[in-house]
Amino acid sequence: MATRPHRFLLLPVLLLLLSVSSASANGDVVTAGSGKVSMALYYESLCPFSAHFVVNSLARLFKDGLLDAADLTLVPYGNAKVDAHGAITCQHGPDECLLNNVEACAIEAWPDLNVHFGFINCVEDLVMNRKCEEWESCFQKQGLDPKPVMECYNSEHGHKLSLKYGKQTDALVPPHKYVPWVVVDGQPLYEDYENFEAYVCKAYKGHPPKICQGLGRDYPIVQQVVEAGNGVTYNSGDFELDEGVDDKIKIKMVQGDDN
């Protein structure tokens with residue numbers, strides 16, 4: 001009969017649709033569009049190293065033209081934990097949970113990266129200067145209406161956003177070991193996260209931004225992360241180093257190949 005071949009022709013189409021549907025259902029995957037390189041920062045709001053990275057390093061994205069090549073996603077959760085009842089405990093206490101919520105709400109309220117990063121950068125700058133209690137001043141400084149963020153974080157919706165970011169963080173493969181945790185093109189940068197620009201340039205397939213010209217194709221890779229005694233806490237925002245005779249910290253850098 002004439003209809004039988006058509007049924008067989010529909011099979012590949014149905015399989016393709018099922019594949020696309022399955023990929024779309026996995027909302028925890030951070031992907032990039034428009035040929036840009038995906039880049040995600042997993043962090044927590046009161047971690048001094050996270051704040052320093054946001055303010056002094058990540059902000060360069062908006063100045064050196066690398067945003068033409070990178071699609072940045074911010075994930076404010078870090079080393080927080082969720083109990084069996086859905087309550088979140090943050091590493092640096094309730095104030096960090098509050099600011100994680102605030103920054104999650106800002107990301108949703110202002111989807112434009114330039115806008116929500118400007119606000120988060122302002123908050124993290126206050127964190128660096130031990131003035132985190134003044135975070136609400138960032139609305140005025142950035143010329144933003146506080147209403148959507150205040151309504152969000154004061155409601156159950158803000159908590160749900162943090163749970164979503166927690167699920168996304170916990171789904172990382174390999175799992176994050178500390179914060180800030182930077183992933184470029186699906187690969188974690190480990191301790192070499194400060195060199196994120198070189199990794200973005202390496203992965204980008206389009207016409208490279210000017211900043212990439214000075215970085216070249218070779219860049220350092222952390223091969224052996226650390227050897228240490230009891231004086232180092234890796235999963236903490238309060239990084240302490242007690243150097244003694246038996247305590248060693250070693251980072252071995254090797255040149256990446258062009259493949």
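I take a disulfide as a pair of cysteine sulfur atoms within 2.5 Å; for Cys-90 and Cys-97 the sulfur atoms are 2.1 Å apart. Cys-90 and Cys-97 are buried, where buried means under 20% relative accessible area, exposed over 50% and partly exposed in between (1.4 Å probe, protein chains only).

For the record, this is a predicted model, in which local features need pLDDT of at least 70, side-chain atom pairs count only at pLDDT 80 or more, and totals for chains, interfaces and linings use all residues. Residues are numbered from 1 along each chain as its sequence is written, and side-chain values use heavy atoms, with hydrogens and water left out.

I counted four disulfides in the structure. With bonded cysteines counted along the chain, their pattern is 1-2, 3-6, 4-5, 7-8.

I looked next at Cys-105 and Cys-152, joined S to S at 2.1 Å. Their link is left-handed, with -70° about the S-S bond. Cys-105 lies in helix α3 (residues 94-109) and Cys-152 in helix α6 (residues 147-153), so the pair ties together parts 47 residues apart in sequence. Helices here are DSSP runs (H or I, at least four residues), numbered from the N terminus. I found both Cys-105 and Cys-152 buried.

Cys-122 and Cys-138 form a disulfide too, with sulfur atoms 2.1 Å apart. The torsion about their S-S bond is about -85°, so I noted the disulfide as left-handed. Cys-122 lies in helix α4 and Cys-138 in helix α5 (residues 137-141), so this pair ties together parts 16 residues apart in sequence. Cys-122 is buried at a relative accessible area of 10%, and Cys-138 is buried at 0%.

Beyond its neighbours within four places in sequence, Phe-196 is in contact with residues including Met-39, Leu-58 and Val-182; contact means heavy atoms within 4.5 Å.

Last, I looked up Thr-169 in helix α7 (residues 156-170). Thr-169 counts as buried at 1% relative accessibility. Its side chain reaches the backbone oxygen of Tyr-165 at 2.8 Å. Leaving aside neighbours within four places in sequence, Thr-169 is in contact with Tyr-42, Val-75, Tyr-77, Gly-78 and His-176.

Definitions and conventions. Helix = DSSP H or I, 4+ residues; strand = E, 2+ residues; numbered from the N terminus. Polar contact = N/O pair within 3.5 Å; in protein donor to acceptor, adjacent residues only side chain to side chain.
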